[in-house]
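We will go from stop to stop, picking something at each one.

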Number of protein chains: 2
Amino acid sequence: MAEKHQICSHQSCVSLVPIFNHLEEKHRKEIIDAVQSISYKKGDTIYQAGDHSDSLYIVSSGKIRIYRLSESGKEQLIRILYPGEFTGELALFNETTQEAYAEAMTNAQICRIKRSDLQNLIIKYPSISFSLLAEFASRLEKSEKQAASFATEKVETRIALYLADCMDLAEQTTEFVLPMSKKDLASYLGTTPETISRKLAEFEQQGYIKQTSARQIKILDRNGLLLI
Amino acid sequence: MAEKHQICSHQSCVSLVPIFNHLEEKHRKEIIDAVQSISYKKGDTIYQAGDHSDSLYIVSSGKIRIYRLSESGKEQLIRILYPGEFTGELALFNETTQEAYAEAMTNAQICRIKRSDLQNLIIKYPSISFSLLAEFASRLEKSEKQAASFATEKVETRIALYLADCMDLAEQTTEFVLPMSKKDLASYLGTTPETISRKLAEFEQQGYIKQTSARQIKILDRNGLLLI
DNA sequence: CGCTCTGTTGAAGAGGCTCAATATGGGTGG
DNA sequence: CCACCCATATTGAGCCTCTTCAACAGAGCG
């Protein structure tokens, strides 16, 4: 898979990513040496279920889709990675194979660190493990929250909560652009594109939101939304 | 909260728990010194949402329920901890407060390590961080899988998958005892006790399982179950 | 022995999914 | 730069699964 992609040495991701950027300049050099930079084209697969990918992948530029396939073959979008975020951690510390899929949503530049190199770095610079643990903890938190929300909230509520979250991320404004297609959003929220369309239309009609353009949404009544 | 519980020095949990038991005997001593053992009575709260509990809790004996409350006040059971398992990790490496609740399902003995002590241990024995990372990775894996299953499978399928998992855990036999009440199971699987009752009755009628007694189930046709 | 919590069963209704038809729009090639 | 095309999005109708509410049975505990 990787063979067909251009490989070049690349350093920006090391300074970019929170798990390394607390290190001093001179130590970063060492990490940069361990890192390999790879280009992917839109639609390329970075890893897939069953792979023994024993590397950590750090996004340098572009957007990466992480998803799973359920027993019944349906796709669930786990998350979208932006520059500075990483993936591949599960197969790194477990002895299992990948269970998820990673796919480039746009052309992307990815930095890769091999398991053994990362382990050596951790032993040498234990502070890296704190960053990693913090990142894991926060992801676990998010994932459990997401699971709890699937388990206890109805679709309508999950959509409303999601919109409120988006607004909170877009600082200083009540207007934002959905970061993905409604098809992907449906997969992320565990519903269908049809339901998303309908619910957004309902919210608009009830005066909670305004759909400015295709993917742009303005929140008119955040509190109202959350009471749904 | 902890004041009313008996506190005594206790060492069994350190040998018990995978994150420490790979250390040599002489180093374990040091950990035991950092550990505090606390008794809880059935129903006691160990921590709850909003707490700044900056400790790791390791179950020495007993069973602990970890659950969350959703926006709408419904409870979702995240998992049940058995001896050797730990919790509290999220608030440990994050700067956030607890979002979950931990409650003793039975009388229980819990070992507690304070954040700062754990951090010192990690720096001194970096191999602890690998165990922790492995544990985090496997929990994250499970949680994402659970979320994906909520998002994509219908209730019937989730119940069937759960039964198959239980059977796989009960080695050498197709018969097992449900580890929790059906009420809790419903909360864990994101459904209602009524639905669990009905689906189990259906499965039994279709010849996939046999309900031996109150919480005992025998799987007759695992493959059939998984095809539902 | 009675009380309470858990589990079962029935009936009704709602919420969301599926399928299908139609609209829209971004991207591509001419 | 325009036209076309395919993926994405919308809208409607019917249906199915699951939840809800209620009534009752059973088990565990004081």
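**Before you click**

This is a predicted model, in which local features need pLDDT of at least 70 and side-chain atom pairs count only at pLDDT 80 or more, while totals for chains, interfaces and linings use all residues. Residues are numbered from 1 along each chain as its sequence is written, and chains are lettered from A and ligands numbered from 1 in the order in which they are written.

**Stop 1: the two chains**

Colour chains A and B separately. Chain A can be laid on chain B with an RMSD of 0.1 Å by a turn of 180° and a shift of 0.0 Å along the axis (least-squares superposition on the C-alpha atoms of residues with pLDDT of at least 70 in both copies). The two copies are thus related as by a two-fold rotation axis. To find that axis from chain A, select A:Ala147: its C-alpha is the nearest to the axis in this chain, 2.2 Å from it.

**Stop 2: where the chains meet**

Now select the contact between the chains, to which chain A gives 41 residues and chain B gives 41 residues (two residues are in contact if their C-beta atoms, placed from the backbone, lie within 7 Å). On the chain A side, at least two residues each come from strand S6 (75-81) and helices H3 (89-93), H4 (115-124), H5 (127-152) and H6. These elements are DSSP runs numbered from the N terminus: helices are H or I with at least four residues, strands E with at least two. Highlight H5(A), as the largest share of this side, 21 residues, comes from there. By class, the side has 19 nonpolar, 12 polar and 10 charged residues (Ala, Val, Leu, Ile, Met, Phe, Trp, Tyr, Cys and Pro count as nonpolar, Asp, Glu, Lys and Arg as charged, and the others, Gly among them, as polar). The copies meet through the same surface, because 100% of the interface residues of chain A are also interface residues in chain B.

**Stop 3: the domains of chain A**

Select 2-138 of chain A for domain 1 and 153-226 for domain 2; such bounds come from an automatic or database domain assignment. The C-alpha centres of these two domains lie 30 Å apart. Their contact takes 4 residues from domain 1 and 6 residues from domain 2.

**Stop 4: A:Thr212**

Zoom in on A:Thr212, in strand S11 (residues 209-213) of chain A. Is A:Thr212 buried or exposed? A:Thr212 is exposed, with 12 other C-beta atoms within 10 Å (exposed means 12 or fewer, buried 20 or more, partly exposed in between, with C-beta atoms placed from the backbone). Leaving aside neighbours within four places in sequence, show its contacts: A:Glu175, A:Ile217 and A:Lys218.

**Stop 5: the DNA**

Select DNA strand C and the 16 residues around it, of which A:Lys154, A:Val155, A:Thr195, B:Ser181 and B:Ser197 come nearest (a residue is near if its C-beta atom, placed from the backbone, lies within 6 Å of the strand). The largest share of this surface, 5 residues, comes from H8(B).
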